[in-house]
Amino acid sequence: IPPINIPPGSINDYLFTTSFTPDEWQALSLTTDYYMGSLAFTVDAKAFVRIPQLLGYTFEVDFDDYLVHVSDDISDRHL
């Protein structure tokens with residue numbers, strides 16, 4: 001993923017997508033879990049943040065085993 005520069009004073013959300021290719025039985029299982037409301041994935045990610053306006057302040061953010069409920073019908077995901 002290339003570095004992302006955000007203009008000062010901005011509030012941004014970035015969407016990262018991924019893809020995978022399940023076989024027929026895995027796809028059937030994923031579909032079943034989705035419609036049962038139990039489809040979830042865990043995400044591992046790392047981000048490095050640098051803020052030049054704060055004298056080059058930097059920090060790293062780690063998301064380890066972050067649980068994403070894909071078929072959660074409670075949360076509002078539309079734009």
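Modeller: Leaving out residues up to four places away in sequence, Tyr-14 touches Ile-4, Asn-5 and Ile-6. This is a predicted model, where local features need pLDDT of at least 70, side-chain atom pairs count only at pLDDT 80 or more, and totals for chains, interfaces and linings use all residues. Residues are numbered from 1 along each chain as its sequence is written, and side-chain values use heavy atoms, without hydrogens and water.

Biologist: What makes Ile-4 a residue that Tyr-14 touches?

Modeller: A contact means heavy atoms within 4.5 Å. Tyr-14 and Ile-4 are listed as touching. Their C-alpha atoms are separated by 9.4 Å, and the two residues lie ten residues apart along the chain.

Biologist: Where is Tyr-14 found?

Modeller: Tyr-14 sits in the segment before helix H1 (24-36). Helices (H or I, at least four residues) and strands (E, at least two) are DSSP runs, numbered from the N terminus. The protein chain has one helix and two strands, in the order α-β-β from the N terminus on.

Biologist: Why is Tyr-14 called partly exposed?

Modeller: Buried means under 20% relative accessible area, exposed means over 50%, and partly exposed lies in between (1.4 Å probe, protein chains only). Tyr-14 has 44%, so Tyr-14 is partly exposed.

Biologist: How many aromatic pairs are there?

Modeller: Rings of Phe, Tyr and Trp (its six-membered ring) pair if their centres lie within 6.5 Å; planes under 30 degrees apart count as stacked, over 60 as edge-to-face and the rest as tilted. By this rule there are four aromatic pairs. One of them is Tyr-57 with Phe-59.

Biologist: Why is the pair of Tyr-57 and Phe-59 called tilted?

Modeller: The ring centres of Tyr-57 and Phe-59 are 5.7 Å apart, and their planes stand at 40°. Tyr-57 is partly exposed at 45% relative accessibility. Phe-59 is partly exposed too, at 31%.

Biologist: What makes the pair of Phe-63 and Tyr-66 edge-to-face?

Modeller: The ring centres of Phe-63 and Tyr-66 lie 5.8 Å apart, and their planes are at 70°. The angle is over 60 degrees, so the pair is edge-to-face. Phe-63 has a relative accessible area of 37% and is partly exposed. Tyr-66, at 46%, is partly exposed as well.

Biologist: What share of the protein chain is buried?

Modeller: Buried residues make up 3% of the 79 residues.
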